[in-house]
Protein chains: 2
Amino acid sequence: MSEQRYVGAQSICFAEDIYVLGRAAVVGKKEGNGPLRSFFDEIDETDLFGGENWNDAESRMMQKAASIAIRKAGFTPKQIRMLFAGDLLGQLLASSFGAGEMPIPFLGVYGACSTMGESLLLASMAVGGGFADCAEAVTSSHFASAEKEFRFPLGYGNQRPLAATWTVTGSGALVVGDKTALERSMAQTEGSEKVDADARKNGVEVVISGGTIGRVTDYGVKDKANMGACMAPAAAAVVEAHLRDFHRTPEDYDKIITGDLGKVGAEIFADILGQKGYQVNAVQEDCGLLIYDNELQDTHSGGSGCGCSAVTLAGYLLDKLYEGEWQRILFVPTGALLSPVSANEGSTIPGIAHAVVLERKKGGR
Amino acid sequence: MSEQRYVGAQSICFAEDIYVLGRAAVVGKKEGNGPLRSFFDEIDETDLFGGENWNDAESRMMQKAASIAIRKAGFTPKQIRMLFAGDLLGQLLASSFGAGEMPIPFLGVYGACSTMGESLLLASMAVGGGFADCAEAVTSSHFASAEKEFRFPLGYGNQRPLAATWTVTGSGALVVGDKTALERSMAQTEGSEKVDADARKNGVEVVISGGTIGRVTDYGVKDKANMGACMAPAAAAVVEAHLRDFHRTPEDYDKIITGDLGKVGAEIFADILGQKGYQVNAVQEDCGLLIYDNELQDTHSGGSGCGCSAVTLAGYLLDKLYEGEWQRILFVPTGALLSPVSANEGSTIPGIAHAVVLERKKGGR
């Protein structure tokens, strides 16, 4: 029988390390003008990525991120055993068409803006359970395709309330693998000037050591221009479950980084956890607040979308781990489970969030 | 390091058995009037399942199937560690709202009508990898919500071409678990008159022993009224990959059962495999052709939808295994990756399919 790899009520842990082998962040113009500019692999000033329309643009962007991460891991697409991918569009339009160009077994996932958490956990489970030596997680969102899907076409020029977030045009991808894949990745990238190897930097690796799977949480919020408030209870619930399952406190993490709660949601998140006895203010960050300069870029409550946490992780957050600024972080992408239909029917907007532990590990052990 | 549980290019196998512990099929009126009537747990003559609209109806149907399967496994919802669920609606509307009523860590998946294959494989991987002692896979589709999403609202009374399939109103759920969960399930259901135990029937268990994950396959078909033709190449490709990876032939299976290729697609599927040297005609079945009486029920090319293969599996197919009519089957749900947007933009309709091996095992070993 398999070794038990679950703990507490909602969490999983990896007995062996799951290594980050490759990573890529591809973004649009606005994100490229933001404070994380230097952490991205590619910035497309046209937001079109060579596509014919916004959906096509998103598919191409996603495919580009997936391909760059595979290349930086030193692999070819055929060496990736499973691709976990998702986006915000109905029927995963961007991922399905993007994945169609790649010869990789495909598993579509949907968790709204929490999708990077879900796909990264599933890819890690595939590797940790022995079902793949390496697997990839990739998610995307595009401002223009999301506005068309959920709100109003850009041409309408409608106004946005201050609680609204700005959907990130970006796709983030991570290739994860086991020890054997790590060694192959090192061998295949070593000495190659063409490949900027990701698997080991500054003599360290980054590993995924566990995670907590969230439940759908519905506080009855109905305002689709205030998704931070819809998602904050789900984020707080999964962080609380995580800390309880692993017998940890917020101080065990250098940072606890939510996906895209934005200004409004991040405050609610800290408040709820505070009421439960967990003070997170000192370690709290939010990808939606990191990705734009809210004063200069007029994004109101911050960034959002499947791409928001994905590109922030693949770029900025992992860099901080490799550089040693942080030793261990809890990455908590958050999703608002609304659809255009449910929103127009006046339904509530349930939230979901998943938590992933990423930590720095001295290489060569 | 984990034991290697992958084989060939696209397949996975389970070293230890993954047991089917509970199962449920909940359907609407038309399905209840079809040839599989006696295999369903619940039939709602109103198709509304107590809901206020078609989306709500689908959520309630999904929740009902998930709950019945858990009860028949002898468990409570809190004992299920992960719920893998998906449906056809944009942003997984039915699953998200259905899952919101249940206290189970939730992972949304999307593979169009192949979703039962994907969610069942992921649930089995979660158990087989040691990340859960038991997990649930549930998918749903609803004729009325799907017509509204993809074609025309019912009130328009539009005509359907002969190649079109009929979206099944149904939700199928399977609880799967490891040996420990099997023993607990047996203990919790034994002697209880209220629980119609699923885990062991006629002294046998049904186990999931492996599977093959499909790639997105695009033959350039654009006709959304002929989804069988879109999906058949993907189904043939995954079956070919499966037989190659496991060094098997079609004769190693009592049945190879595709999801919802329908009449048109099933012929294309057999033709493609024939050209590759695999004769499947003798063992081929299609859930879309099993679920309705096409002569009496006027469904043209057969049934389709995430619910089609799910209820056929949870009801009819598993019964045949427990009863000993079949020893081993290959269950191959098939999906057409179209969205209303992609279809209206004139895009092709890529297909995907996943293969799951289910086999009968004498109990008590």
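## How the copies meet

Through which surface do the copies, chain A and chain B, meet? They meet through the same surface, because 100% of the interface residues of chain A are also interface residues in chain B, where a contact means heavy atoms within 4.5 Å. Chain A can be laid on chain B by a turn of 180° and a shift of 0.0 Å along the axis, with an RMSD of 0.0 Å. The two copies are thus related as by a two-fold rotation axis; the superposition is by least squares on the C-alpha atoms of residues with pLDDT of at least 70 in both.

## How to read the model

This is a predicted model, in which local features need pLDDT of at least 70 and side-chain atom pairs count only at pLDDT 80 or more, while totals for chains, interfaces and linings use all residues. Residues are numbered from 1 along each chain as its sequence is written, chains are lettered from A and ligands numbered from 1 in the order in which they are written, and side-chain values use heavy atoms, with hydrogens and water left out.

## The fold of chain A

Chain A has 12 helices and 16 strands, which are DSSP runs numbered from the N terminus (helices are H or I, at least four residues; strands are E, at least two). Its radius of gyration is 19 Å, close to the 21 Å of the globule rule for 365 residues, so chain A is as compact as a globular protein of that length; the radius is taken over C-alpha atoms, and the rule is 2.2 Å times the number of residues to the power 0.38. Along its principal axes, the C-alpha trace of chain A spans about 55 × 50 × 40 Å.

Of the 365 residues of chain A, 66% count as buried, a term that means under 20% relative accessible area, with exposed meaning over 50% and partly exposed in between (1.4 Å probe, protein chains only). Among the contacts in chain A with a separation of 6 or more, 78% are between residues 24 or more positions apart.

## Buried places in chain A

A:S59 lies in helix α2, which covers residues 54-72, and is buried, with a relative accessible area of 7%. Not counting residues up to four places away in sequence, A:S59 touches A:L93, A:A94, A:F97 and A:G98.

A:T165, in the loop between α5 (143-150) and β7 (166-167), also counts as buried, at 8% relative accessibility. Although A:T165 and A:T299 are 134 residues apart in sequence, they are 6.4 Å apart in space, C-alpha to C-alpha. Leaving aside neighbours within four places in sequence, the residues in contact with A:T165 include A:R160, A:M227, A:T299 and A:S301. A:H300 is placed in the loop between α10 (294-297) and β12 (303-304), and its phi is near 60°, a positive value in a residue other than glycine.

## Buried places in chain B

B:A112 is found in the loop between β5 (106-108) and α4 (115-128). This residue counts as buried at 1% relative accessibility, and B:A112 has a positive phi of about 50° although it is not a glycine.

B:G211 is found in strand β9, residues 204-212, and counts as buried at 0% relative accessibility. The C-alpha atoms of B:G211 and B:V356 are separated by 4.3 Å, while the two residues are 145 residues apart along the chain. Not counting residues up to four places away in sequence, B:G211 touches several residues, among them B:Q10, B:L121, B:H242, B:A355 and B:V356.
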